[in-house]
Amino acid sequence: QVQVEESGGGSVQAGTSLRLSCTVSRRTASNNGIGWFRQAPGKEREFVAGIDWRGGNTGSADSVKGRFTISRDNARNTVYLQMNSLKPEDTAVYYCAVSLRNTYSTLSSQYRYWGQGTQVTVSS
């Protein structure tokens, strides 16, 4: 069983930064793509950013391009989401998920293991 745990959320002012961390319990997860998703109240869960197992291929949603950066440290079994220039519309619960493959997908159905989520609240 793979356990996924997010951390680093909080309440911040618009224009500031946060770094989320996703720690995966099993070393074998370093062979899998990782994705970050978010869900705001009353909205569907949406893809934010993803990274392949080596970290050489990444992608992000248009809404966060140029502001959010995903990276991974396989030695620490950890994936990071650096979020800069935060906006109130970034407010959501952020989830980390382990892909079924060695690359990431924008589809939540392609992820097998999910964390419990971490709340990010951005005030104007």
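Trainee: Leaving aside neighbours within four places in sequence, what is tyrosine 94 in contact with?
Mentor: Its partners are Glu6, Leu20, Trp36, Phe37, Arg38, Val48, Phe68, Leu81, Met83, Gly117, Thr118 and Val120. Contact means heavy atoms within 4.5 Å. This is a predicted model: local features need pLDDT of at least 70, side-chain atom pairs count only at pLDDT 80 or more, and totals for chains, interfaces and linings use all residues. Residues are numbered from 1 along each chain as its sequence is written, and side-chain values use heavy atoms, with hydrogens and water left out.

Trainee: Which residues touch the most other members of the largest nonpolar core?
Mentor: Trp36, Val48, Phe68, Leu81, Met83 and Tyr94, out of 28 residues. Such a core is a set of buried Ala, Val, Leu, Ile, Met, Phe, Trp, Tyr and Cys residues joined through side-chain atoms within 4.5 Å. Buried means under 20% relative accessible area (1.4 Å probe, protein chains only).

Trainee: And the second, separate core, what does it include?
Mentor: Five residues, among them Phe37, Phe47, Ala97 and Tyr111.

Trainee: Switching to rings. How many aromatic pairs are there in the whole structure?
Mentor: Five. Rings of Phe, Tyr and Trp (its six-membered ring) pair if their centres lie within 6.5 Å; planes under 30 degrees apart are stacked, over 60 edge-to-face, the rest tilted. Phenylalanine 37 and phenylalanine 47 pair edge-to-face, 5.7 Å centre to centre with 75° between the planes.

Trainee: Are those two buried or exposed?
Mentor: Both phenylalanine 37 and phenylalanine 47 are buried.

Note on methods. Buried means under 20% relative accessible area, exposed over 50%, partly exposed in between (1.4 Å probe, protein chains only).
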